[in-house]
Amino acid sequence: EAALRQWLTSAVRPISDAEPEVLSKYVLALVRKDLSRESLAEHCRESLGDILGDQTPGFVDKLFAALDSGDFRRFSDRGRDGPMSSAVPRTRSSPSPEPSSRKRSRRRRRR
C-alpha cells in the first residue's frame, strides 16, 4: 500500500493543483471499492473528472495499467522520478567517483 500511495502521489503531482498526498489517499479509497474492474475504472473516471479534468482518462488508464502489472511496487526503488515521467530508472546504487579519483585509479592501472 505504501508503494501505491507513493506512486499515486507522484502521478497526480504534475497533473493537478490538489494536494498530492490528499488526492492519493482519495484515489486509494476509490480503487478499494468492491466493483468489477470495468465498473471501478468508470467510477474512478467519474469521481476524478472534476479534479483532474482532461487528464482523467490518461491517469486512470495508467493507474489501472500499474495495478495490473504491479509496476507501482517498484516505484519506491526509482527515487523521486514520477510514474508519469519518461525518466530512465537509475541503475547505480552509489554515485560516481570524483573526477580526480578516477584519474588516480587510471594511473595506478597503467603502472
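The following legends describe close-up views of a predicted model of a protein chain.

**Figure 1. Overall architecture of the protein chain.** The predicted model contains five helices and zero strands. Read from the N terminus, the order of elements is α-α-α-α-α. The chain has 111 residues, of which 32% count as buried. Its accessible surface amounts to about 8000 Å², and carbon and sulfur atoms account for 45% of that area. Among contacts between residues at least 6 apart in sequence, 47% join residues at least 24 apart.

**Figure 2. Surroundings of Leu 8.** When residues up to four places away in sequence are not counted, Leu 8 touches Ser 24, Val 27, Leu 28, Phe 59 and Leu 63.

**Figure 3. Ser 16 in the loop between H1 and H2.** Ser 16 is placed in the loop that lies between H1 and H2. Its relative accessible area is 12%; because this value is under 20%, Ser 16 counts as buried. A polar atom of the Ser 16 side chain lies 3.0 Å from the backbone nitrogen of Ala 18. Leaving aside residues up to four places away in sequence, Ser 16 touches Leu 23, Ile 51 and Leu 52.

**Figure 4. The salt bridge between Arg 37 and Asp 68.** The closest N and O atoms of Arg 37 and Asp 68 are 2.7 Å apart, and the two residues form a salt bridge. This pair links distant parts of the chain, with Arg 37 in helix H3 and Asp 68 in helix H4, 31 residues apart. Arg 37 is partly exposed, at a relative accessible area of 44%. Asp 68 has 54% relative accessibility and therefore counts as exposed, the threshold being over 50%.

**Figure 5. The salt bridge between Arg 45 and Glu 42.** Arg 45 forms a salt bridge with Glu 42, and the closest N and O atoms are 4.0 Å apart. Both residues lie in helix H3; because they are three residues apart, about one helical turn separates them. Arg 45 is partly exposed, with 29% relative accessibility. Glu 42 is likewise partly exposed, with a relative accessible area of 38%.

**Figure 6. The network that includes Glu 1 and Arg 5.** Salt bridges with shared partners join Glu 1, Arg 5 and Arg 32 into one network. In the bridge between Glu 1 and Arg 5, the closest N and O atoms are 3.0 Å apart. Glu 1 counts as exposed, at 54% relative accessibility, whereas Arg 5 counts as partly exposed, at 32%. The count of salt bridges in the model comes to seven.

Note on methods. Residues numbered from 1 in each chain as written. Predicted model: local features only at pLDDT ≥ 70, side-chain atom pairs only at ≥ 80, totals over all residues. Heavy atoms only, no water. Contact = heavy atoms within 4.5 Å. Salt bridge = Lys/Arg side-chain N within 4 Å of Asp/Glu carboxyl O. Buried < 20%, exposed > 50% of the residue type's maximum accessible area, 1.4 Å probe, protein only. Helix = DSSP H or I, 4+ residues; strand = E, 2+ residues; numbered from the N terminus. Polar contact = N/O pair within 3.5 Å; in protein donor to acceptor, adjacent residues only side chain to side chain. Areas by Shrake-Rupley, 256 points an atom, 1.4 Å probe, with all protein chains shown as cover.
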